Amino acid sequence: MSHPENPPPTPFEVRLAGVLTGLPGLGLLVFGVVLLVHGLRNPPIPGNNVWAEFGTYAVLALIFLAASVGLLLGQTWARSPGVVVALLLIGVGWYLLGPSGQPLWGVPIGLCGLAALVLLFRRPSRAWALGMHDDETEEEAAERGGLAGRRAERERREQD
């Protein structure tokens, strides 16, 4: 069965999940900058390193944003980090909602994570990640090795 070499187009669900994983990344970056500015304007507190706090939030923000940009650009590698980001958001939302007593923050953050997770596991997203063709099942695409399997097949043909 001959199939075109081009991967399937990126579904709307994946791009929307990219937006949903990017929003908290931007929020973390803004929060880190606010902490840095506040920390540099006030006298230092013993045992508090404002640069380390900023660095922590900046690194987390960049990780979230890398997954987001990857999903927005249609890179299949970004699906797994996007799932991890969504799970983290659900956990943070639950903690803010329950133990922290901050439902105004917890509900939207948790729903953002839940929505991203659902979007990344919908059928079009799974088919895209596997590089499925219209005439094959998920099992057949997985046995083929998804997009990586398609690349390996093409390389074998080029060597012959």
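**Exercise 1. Which helix gives the largest share of the lining of the largest pocket, and how many residues is that?**

Solution. 
- The model is predicted.
- Begin with the space itself: the largest pocket has a volume of about 420 Å³.
- Its lining counts 14 residues, and those closest to the centre are Pro 24, Leu 28, Leu 89, Val 92 and Ile 109.
- Next, list the contributing elements. Helix 1, helix 2 (50-72), helix 3 (79-97) and helix 4 (103-121) each supply at least two lining residues.
- Helix 1 gives the largest share, with 5 residues.
- The lining has 13 nonpolar residues and 1 polar residue, with no charged ones.

**Exercise 2. Find the salt bridge and say where its two partners sit.**

Solution. 
- The structure holds 1 salt bridge.
- Its partners are the side chains of Glu 13 and Arg 122, at 3.3 Å from N to O.
- Now place the partners. Glu 13 is in helix 1, while Arg 122 is in the loop between helix 4 and helix 5 (123-130).
- The two are 109 residues apart, so the pair links distant parts of the chain.
- Glu 13 counts as buried because its relative accessibility is 12%, and buried means under 20%.
- Arg 122, at 39%, counts as partly exposed.

**Exercise 3. Which residues make the nonpolar surface patch of about 530 Å², and is Val 19 buried or partly exposed?**

Solution. 
- The patch is made by Phe 12, Leu 16, Val 19, Leu 23, Leu 26 and Leu 72.
- Helix 1 (residues 12-41) gives the most to this patch, with 5 residues.
- Val 19 lies in helix 1.
- Val 19 has a relative accessible area of 39%, so it is partly exposed.
- Patch residues need over 30% relative accessible area, and Val 19 stands at 39%.

Terms used
Residues numbered from 1 in each chain as written. Predicted model: local features only at pLDDT ≥ 70, side-chain atom pairs only at ≥ 80, totals over all residues. Heavy atoms only, no water. Patch = residues over 30% accessible without salt bridge, like charges linked within 9 Å, V, L, I, M, F, W, Y side chains within 5 Å. Areas by Shrake-Rupley, 256 points an atom, 1.4 Å probe, with all protein chains shown as cover. Salt bridge = Lys/Arg side-chain N within 4 Å of Asp/Glu carboxyl O. Helix = DSSP H or I, 4+ residues; strand = E, 2+ residues; numbered from the N terminus. Buried < 20%, exposed > 50% of the residue type's maximum accessible area, 1.4 Å probe, protein only. 1 Å grid on protein atoms, 1.4 Å probe; cavity = no way out; pocket = protein on both sides within 12 Å on 5 of 7 lines; lining within 4 Å. Points joined across faces, edges and corners; volume = space filled by probe spheres on them. Nonpolar A, V, L, I, M, F, W, Y, C, P; charged D, E, K, R; others polar.
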